[in-house]
Amino acid sequence: MTAIKHALQRDIFTPNDERLLSIVNVCKAGKKKRNCFLCATVTTERPVQVNVVKVKKSDKGDFYKRQTAWTLRDLAVVDAKDAIKENPEFDLHFDKVYKWVASSTVEKNTFISCIWKLNQRYLRKKIDFINVSSQLLEESVPSGENQSVAGGDEEAVDEYQELNAREEQDIEIMMEGCEYAISNAEAFAEKLSRELQVLDGANIQSIMASEKQVNILMKLLDEALKEVDQIELKLSSYEEMLQSVKEQMDQISESNHLIHLSNTNNVKLLSEIEFLVNHMDLAKGHIKALQEGDLTSSRGIEACTNAADALLQCMNVALRPGHDMLHAVKQQQQRFSDLREQFARRLASHLNSVFVQQGHDQSSTLAQHSVELTLPNHHPFHRDLLRYAKLMEWLKNTDYGKYEGLTKNYMDYLSRLYEREIKDFFEVAKIKMTGTTREGKKFATLPRKESAVKQETESLHGSSGKLTGSTSSLNKLSVQSSGNRRSQSSSLLDMGNMSASDLDVADRTKFDKIFEQVLSELEPLCLAEQDFISKFFKLQQHQSISGTANEAEEMDGGSLSRSYTASVPQTISSEKDMIRQMMTKIFRCVEPELNNLIALGDKIDSFNSLYMLVKMSHHVWTAQNVDPASFLSTTLGNVLVTVKRNFDKCISNQMKQMDEVKISKKSKVGILPFVAEFEEFAALAESIFKNAERRGDLDKAYIKLIRTVFVSVEKVANESQKTPRDVVMMENFHHIFATLSRLKISCLEAEKKEAKQKYTDHLQSYVIYSLGQPLEKLNHFFEGVEARVAQGIREEEVSYQLAFNKQELRKVIKEYPGKEVKKGLDNLYKKVDKHLCEEENLLQVVWHSMQDEFIRQYKHFEGLIARCYPGSGITMEFTIQDILDYCSSIAQSH
């Protein structure tokens, strides 16, 4: 190992100005053993840098080469694996963990000990030595350059010290004075020894000569000690004097502190008094306004509002700790509380009187609105009450019990007032719907209106205000009302030349206008009241409120609270909910009255549900855009559900009537009633639902109705005895196709195509069936010819058959002269005319199709003659032009 060490020092480290201090023969753990050396080196230049170098033998020769080098500063952990047992494995943690296996445990321990010493001498950094025996990590505190650190080589280096410049200069001068020193070292050494002895003797003599001076110095020191003692005595006396002065100064300082503390307390006391006086003093004018202020005039209301705000500020002032224990503060707080109670009671009493007066005054104005479909305007009352809005806010913040009581009283009085107004309003609307205003009659007096409406709507009202009766009774009423309309329309036709359908349209238009007017009157009324409630009762903030009180709908007032913070109901989650609850109680009759009006309209004419669905949907959409959670939006939404049910019931009744339709066995079927009714319904619906929000509901109804129409038409056609099935299908599907084409209903495009296909198919079927075989014997003859050809006989050889020779053909043709053909066509025309109805006007279409079918048969016969009897010169006794002339003359004669 020593030879390797010298070789490595010579070949690798000396050229790099490094000295090799320790070496260990290792290989990597867990891999194929390829030995290398780990070397601990230091640089010869200052500052010293310590490295750990990996040296490996070259593959191309026996020399060694430097492979990897790490600085000792990068070493973090040295892991010897086991501190007790001998183990050649160890790990060095640089930028990553390097695992090594030494050739012997001794080499490993020597290398680790060297690393520890180098760290102690040069780095003093935190390197963790784990699983290392304590004997290897011996304590070493370096005290000089000559201390041993890294073995014998290092000690030799430390013993050698270079000469400094001064020492080199002295040696040179000495050697210049002794030229023989180089040639005779012993003589030079003797000379130096003699000179050293001379110098030592001179030093001793000098020391002995200085004894007197030492004695003098000792005397001076004794005198100095005496002077020090005297100075200490004086300092002690001075200290006693200063102690008395200190005590006096302490007394003066304490007195000044007490004076400063007293002044500070006086300033703070003055500040507290000024705070209480400035913040808890209410002006006499405000007190007078609270006790005696006029709550009827605008000036008095303004003075009371200012005084109430000032009182609230005094009551809500943030007192500092301890203020509430002062007797004067308690008295002032009690005074403020009494003023608040007194003014709150006076304000609540006055507003209650205003609410009662409003109910009586408004009742007197109902007569002028009784014969008109309008609702009284509450704007003047709202305008007058809004002057008290700030006082209501004050009352809400200071005495929630009285505020709650006022809210309850307002709802009680106004709900009764609105109930009277709305009920009278709806009575007028019902009279206008059921009355005969076509002749210009007007309603006379309110008593007549009440009695008439009671009689007309008595069957609609139950104990709970809901509809009673069955669907069949409504259907009967609808039939009766339609019959009455027909009887009335017959008399009116004589007077005004109006058709029954015109009168139905006029009735429905009148109903639509009345229903729209009802909604248009209700909507601003509810919105105005809701806006007033939010402003007057200060509920527009939508804040969450909590506290302890009774439920909002009970509004029983509760006991008066004397705390400065109002008690707030616990069950109301937001002021928005409170507005909705108030509106629900005030306008509790709106929804039942609307439902009764809707039931009456549906009873008068089931088609009115279409108008109501469109109008109600539009108003619901408008209300939801304003506030989706408002009372108006919720109420109209609930009513819309009822309207939608009536609409669905109307559609269901239409479908039921189609299923139950019965036809006469003695007369032609023609256009079925429900087909005409579907046309009427679709035309009416398209005019009503134009640009409507609920178009989707109508489209769904269309699909249901048209499918039922299709099924019912086929059912009636199958049951028809007087009219052929194809005629019933052809005429009705032609009518349906014409209706859908005219109305252009986008959701029924598929049904329109289906109706056209059915019409075409049944037209063709009827033509073929009705026309049959007008030249029967000739047709039978050629059927036989076609049968022979089908059996394999050539067409030109058919004439050689005994039954189908030319003579037989001429005999059959002679039986159908032109006169007979025309007579047969004329009978066929009369037969078709009896089958078809006049209103659909399909006779000419069918006759033209029959003409084309007859010509087709004629051409077929001519083709067979030409192919099977070539050159015979046999022809029919009439031509295609004769057929056209026959058909034209028959059509014109009828």
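## A buried phenylalanine and its partner

In this predicted model, F878 has a relative accessible area of 1% and is therefore buried, since burial is assigned under 20%. Y858, with a relative accessible area of 3%, is likewise buried.

The rings of these two residues form a pair: the centres of Y858 and F878 lie 5.4 Å apart and the planes meet at 45 degrees, which means that the pair is tilted. Y858 belongs to helix α28, which covers residues 843–868, whereas F878 sits in the loop between α28 and α29 (880–893), so that the pair links distant parts of the chain, 20 residues apart.

Because W70 lies in strand β4 (residues 64–71) and Y98 in strand β7 (residues 97–102), the pair ties together parts that are 28 residues apart in sequence.

## A cluster of rings

Elsewhere in the list of residues, ring pairs link F355, F381, Y400, Y403, Y410, F532, F536 and F537 into a cluster.

Technical notes: Residues are numbered from 1 along each chain as its sequence is written. This is a predicted model: local features need pLDDT of at least 70, side-chain atom pairs count only at pLDDT 80 or more; totals for chains, interfaces and linings use all residues. Side-chain values use heavy atoms; hydrogens and water are left out. Helices (H or I, at least four residues) and strands (E, at least two) are DSSP runs, numbered from the N terminus. Rings of Phe, Tyr and Trp (its six-membered ring) pair if their centres lie within 6.5 Å; planes under 30 degrees apart count as stacked, over 60 as edge-to-face and the rest as tilted. Buried means under 20% relative accessible area, exposed over 50%, partly exposed in between (1.4 Å probe, protein chains only).
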